[in-house]
Amino acid sequence: DNVAEALRDGAIIVAIILFIFLANLRTTTITLVTIPLSLLITAIVFKFFNLGINTMTLGGLAIAIGELVDDAIVDVENVYRRLRDNYAKGSPKGFLRVVYEASSEVRNSIIFSTLTVILVFIPLFFLGGIEGRLFKPLGVAYIVSLSASLLVSLTVTPALCSYLLPRAKQIKDEKESFVARQLKRVHRWFLGISIDHPYGILGGCLLLLAGSLSLLPLMGRNFLPPFNEGTATIGVAAAPGISLAASDKLGTKVENAMLSIPEVKSTIRRTGRAEMDEHAEGVHWSEIDVDFNEGGRPRPIVLNDIREKIEAVGDVYVNIGQPISHRLDHLLSGVRTQLAVKIFGTDLAELRRLGIQAEGILKKIPGIVDLSVEPLVLIPQLKINLYGEDAGQFGTRTGTLAEELEMALNGVEVTQILEQQKIFDVFMRFDDRSRADAASIESIAIKTLPNGRTVRVKDVAEVYQGSGPNMVNRENMQRRIVVAANVYEKDLGSVVSEIRKEFDEKLELPKGYFWTLGGQFESQVQASRLLLIFGTLSIFAIFLMLYLHFRSLLLTFQIMLNVPLALIGSIIAIYFTERELSVATLIAFITLCGIASRNGILMITHYLHLIQEEGMAFSKEMVIRGSLERLIPVLMTAMTAALALIPFALAKGEPGKEILYPVAVVIIGGLVSSTLLDIIVTPAVFFRFGKKAADRFLSFHTAENPIKGEWK
């Protein structure tokens with residue numbers, strides 16, 4: 001519901017922005033039609049491929065909602081401006097011809113800019129694990145909806161323009177909207193300065209980029225933004241070997257302690273798990289689901305209060321998580337916490353010693369909470385020692401005896417019964433009284449001899465009270481013990497770095513023993529590496545596509561200048577908000593590369609159009625005119641894409657929006673910096689370095705129209 005609400009609010013913001021800039025109901029309507037049509041086509045595609053609607057697909061649509069109108073904005077604005085110019089000249093051309101030529105003029109830039117945005121989303125589909133499951137639906141929704149908007153802008157938008165715009169009263173008005181006039185007046189003043197000082201402009205941008213990049217080492221690292229699921233899942237572990245009655249009594253005390261906190265609404269507890277359960281646990285383990293009252297103190301403070309209340313109950317270990325994130329941790333590392341230090345070796349006693357030593361090291365690291373050592377302890381056991389010689393005297397073997405005793409004491413499924421439409425397993429073992437203590441087990445009859453004598457367990461074995469490990473866990477066929485912990489009030493990356501440093505200095509391992517660190521950070525490192533590799537390949541693919549179109553490295557580099565310009569604002573924005581980098585922020589950085597390139601494509605292609613189609617000389621006047629004519633569509637496309645994400649940026653921590661909040665922050669910050677700098681940097685760079693590149697482009701596309709004039 002929260003994400004659907006953000007999608008709705010984003011669409012409303014887009015409509016307001018369009019009307020402010022265009023100041024025309026018809027142009028606004030034509031542009032806005034793209035949104036429902038694109039969403040409708042997306043829904044049809046989803047239905048055809050049997051794709052579902054969920055939080056992440058809705059999130060993909062919400063991120064794309066501001067960009068769905070971008071192609072239509074460029075087309076409508078250009079058609080509208082050309083119709084006004086045609087009317088001012090006495091209507092020498094028919095309106096259908098004007099609409100056709102105006103749409104054709106921007107068609108290439110629309111297609112290429114949209115393809116660049118789609119290309120940068122390809123890396124999402126190479127993500128594996130949980131992050132892949134989360135972000136692939138977002139990528140699918142984004143790409144499908146953006147492709148649908150491109151289709152609509154190439155077909156429906158020009159048709160609507162030909163019906164609605166030629167008869168609009170504003171076509172006869174030579175004046176643009178008040179907002180457009182004021183923006184162009186200010187922009188003309190900036191252009192007069194920037195075009196004459198290209199090196200100073202580039203130097204300033206380099207300083208801003210260097211300053212923003214210097215903030216990266218100051219930020220933390222996390223796998224995913226923390227979820228806010230509205231409920232909590234709390235694990236409480238007592239000493240292994242505790243009876244069910246005692247564990248139940250302890251669990252009740254823990255629940256009462258939590259219910260004394262005003263924000264806690266209710267609790268539900270499960271003590272122990274069935275032996276054949278996928279997450280089997282002894283009766284020493286209790287899992288408590290907590291529901292909260294609305295309002296009250298911030299959730300992190302409440303959870304910390306719960307932690308303190310439970311620890312005050314007695315000698316218990318507490319692990320605080322949430323239903324979804326709790327299970328994500330379990331999938332990532334096999335434990336229910338964010339971090340898992342796994343120590344491998346052969347001797348259980350040595351593993352216990354090393355586990356306790358590791359726990360002592362971790363206790364001193366700031367940010368570590370819910371610290372626990374896997375309860376690998378000795379518990380009371382009844383042991384049966386079979387004597388081979390004695391068994392042989394009675395005509396039986398120890399292997400046969402062991403199998404029979406296992407069946408008698410532990411039980412075995414022997415058959416099934418079909419009753420109506422239900423199948424019931426029949427399980428056979430001795431009753432509880434016959435296996436209650438050593439004396440009862442010793443008196444179990446094994447077989448009857450020919451002389452009538454009954455052989456009992458005590459005749460062939462010794463039953464005695466002993467001790468043994470409560471469990472022996474293995475991973476990759478090696479024994480291991482786990483020291484688990486959560487992270488609180490610090491980022492995962494800095495805590496992991498501190499753990500590595502402390503363990504390398506203080507944890508002394510015998511020969512044949514080693515430790516590994518698992519959990520969320522491991523997935524974060526793998527996902528970051530994949531995104532970096534495939535993100536680089538995507539940017540290279542964009543570069544190659546632009547080069548094949550413009551046939552000029554210089555023009556391609558000029559367009560790609562928007563990428564570092566976008567990084568300036570995005571890094572600053574994330575530093576002053578989250579101050580943490582996660583898989584979500586990395587995906588947003590890659591997405592931003594494609595969105596930011598769009599503005600450069602629009603500007604450069606229009607400069608080339610003025611030279612090639614309208615016969616303007618390569619001059620300062622041409623660059624200023626092209627920049628002013630593209631100012632409004634560039635600002636509109638950037639503002640709709642950025643401001644449509646405001647509902648996410650203002651909803652930090654709200655359920656459903658947690659993952660999309662840093663995405664929104666990065667894209668908004670990046671679009672602000674790239675747009676403001678682009679409208680100043682691109683004209684200056686093109687005028688200073690673009691003449692030869694433009695000449696090369698035009699000579700490739702037409703040998704009849706060389707560039708006229710020199711720099712002026």
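In what order do the four strands of the open sheet lie? The order is β3-β4-β2-β5, with antiparallel pairing.

This is a predicted model, in which local features need pLDDT of at least 70, side-chain atom pairs count only at pLDDT 80 or more, and totals for chains, interfaces and linings use all residues. Residues are numbered from 1 along each chain as its sequence is written, and side-chain values use heavy atoms, leaving out hydrogens and water.

**The sheet**

Helices (H or I, at least four residues) and strands (E, at least two) are DSSP runs, numbered from the N terminus. Two strands pair if DSSP finds at least two bridges between them. The edge strands, β3 (264-271) and β5 (317-321), each pair on one side only. Strands β2 (residues 231-237) and β4 (residues 285-292) share seven bridges in the antiparallel sense. V236 has S286 in β4 as its bridge partner.

Two helices lie across this sheet. Helix α11 (residues 299-311) lies across β2, β3, β4 and β5, at about 165° to β5. Axes are lines fitted to C-alpha atoms, for helices over the stretch in contact, and angles run from 0 to 180 degrees between N-to-C directions. Contact means heavy atoms within 4.5 Å.

**A helix pair**

Helix α23 (residues 620-643) packs on helix α25 (residues 660-689) at about 170°, with axes 10 Å apart. The two are therefore roughly antiparallel (over 145 degrees; under 35 is roughly parallel, 65 to 115 roughly perpendicular, the rest oblique). Residues in the contact include L631 and L635 of α23 and I668 and F686 of α25.

**Aromatic pairs**

The whole structure holds twelve aromatic pairs. Rings of Phe, Tyr and Trp (its six-membered ring) pair if their centres lie within 6.5 Å; planes under 30 degrees apart are stacked, over 60 edge-to-face, the rest tilted. Two of them are tabulated here.

| Pair | Centres apart | Plane angle | Class |
|---|---|---|---|
| F48 and F49 | 5.1 Å | 85° | edge-to-face |
| F618 and F687 | 6.2 Å | 5° | stacked |

F48 and F49 are both exposed. F618 is buried, at 0% relative accessible area. F687 also counts as buried, at 10%. (Buried means under 20% relative accessible area, exposed over 50%, partly exposed in between, with a 1.4 Å probe and protein chains only.) F618 lies in the loop between α22 (583-612) and α23, and F687 in helix α25, so the pair ties together parts 69 residues apart in sequence. Ring pairs link Y607, F618, F686 and F687 into a cluster.
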